[in-house]
Amino acid sequence: MLDLLIEGAHVLHVSRDGAVRVLRDHDVAIQGDRISAVEPAGTIDTGHARQVIKAGGMVAMPGLINAHSHVPMVIFRGLAEDVSLEKWFNEYMWPLESNLQEEDVYWGMLLGLAEMIEAGVTSVADHYFHMEQAARAVEEAGTRAALGWAVFGDQGEMMLDRTAQFVERWQGAAGGRITTWLAPHAPYTCDDDFLRAAAQRAHALRVGIHIHAAETMEQTQASLAKRGLTPIQVLDETGVLERPTILAHAIGVTSTDIRLLADRPAGVAHAPKTYLKLAMGTAPVVALREAGVPVGLATDGAVSNNTLDVWESMRLMAMTQKQAQASPEVMAIAEVLHVATRGSAQVIGLADQIGAIEPGYLADLILVDMSGAHVQPLHSITASLVYATRASDVQTVVVDGKVIMRDRQL
């Protein structure tokens, strides 16, 4: 007996090698938390399913993955506008966050998760404070999350120990929907000894590290001037890059850095809307991918982005890379969809688990309504997904085989 059958959808299939095709009029069968079959419509007997969702005309695609965010920061949305990056940090974010309470994180996380579910985001790698409260919210919302408790070097190793305890306590929680990471803030806010301690704990706990690095080229140049090493080289020398690593931003990576990262278990979380808004530059996504470095899509926090909409990140990544390379032929549609699905899954450590609609994968998927005037005429489903689809086109969201939004009702 099947637990759920999605009937008659156009299924987006993204292969490991980057090929993308649409399987028109297919059924997706789900047993427990896994996809059990993807077959032409009518092949699977609907009488053998406990629940059937008729999806004729809709696109079934892997749930979107937000590879780096600070979700609870939604409570500060709109409070730091039209300011430089330096002022954004020093005059707005640090003062606001110095007054942050544990309960604020719980409510902010719930609000952000609701926003992301409505936009078809089924997984998020979050990097913030008081993460037990964020984990509670994830448990209740039904989504998937890779959670890291942000910590600064001046908080000392006792705080690092506390975050390690969070990692142990919540790893695999919520029926496996929660994974945990250590999350030192950045090389410029954590000294080498602190980074080494974080790497050693990550090794002992068998988890990865989620960290900001090379956020601007100016940051990289300052590091080179001060100590003759780029931020990426600092992470390598301190052992951080020996562990699976989510590198937030990596705008200021050099060609040497890219070659180094290609030999390490690291991936880059790319949040182009934040970079545009704060005039930070843009990461060399094309060069990173050509070198074999995994790249995933991200929103960053809502104070620098204003939304947690990964659809925006998707099309902005494509367009900013075309602009940066002075070529409309780079970041083709298939590449963009690969980054949004399998690439993002690899960055957050869940390759071969999520990011594809295939038998054996976790049943994290969304149904997208393609009937709106803004996508007509529908000459190309894949082009419409990248360049025309809106977050509000997402109708139904399934995580771990459970429907957590149906017909836009949470």
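**Close-up views of a predicted model**

**View 1. The buried side of helix α1.** In α1, the residues Trp88, Phe89, Met93 and Glu97 are buried. This is a predicted model, so each view shows computed geometry. What do the buried residues of α1 pack against? Their partner is β7, the strand covering 121-128.

**View 2. Helix α1 from end to end.** Helix α1 takes in residues 85-98, which makes 14 residues. Where does α1 bend? Look at Tyr92: the helix bends there by about 30°. Within four residues after that point comes a proline, Pro95.

View 3. Pro377 belongs to the loop that runs between β14 (365-368) and α13 (381-387).

**View 4. Asp25 and its positive phi.** Asp25 isn't a glycine, yet its phi is positive, near 55°. You'll find Asp25 in strand β2, made of residues 20-31. Why is Asp25 called partly exposed? Its relative accessible area is 43%, and partly exposed residues fall between the 20% limit for buried and the 50% limit for exposed.

**View 5. Asp352, in a loop.** Asp352 is no glycine either, but its phi is positive at about 70°. This aspartate sits in the loop between α12 (333-347) and β14. With a relative accessibility of 45%, Asp352 counts as partly exposed.

Methods:
Residues are numbered from 1 along each chain as its sequence is written. This is a predicted model: local features need pLDDT of at least 70, side-chain atom pairs count only at pLDDT 80 or more; totals for chains, interfaces and linings use all residues. Side-chain values use heavy atoms; hydrogens and water are left out. Helices (H or I, at least four residues) and strands (E, at least two) are DSSP runs, numbered from the N terminus. The expected span of a helix is 1.5 Å times one less than its number of residues. The bend at a residue is the angle between axes fitted to the seven residues ending there and the seven starting there. Buried means under 20% relative accessible area, exposed over 50%, partly exposed in between (1.4 Å probe, protein chains only). Contact means heavy atoms within 4.5 Å.
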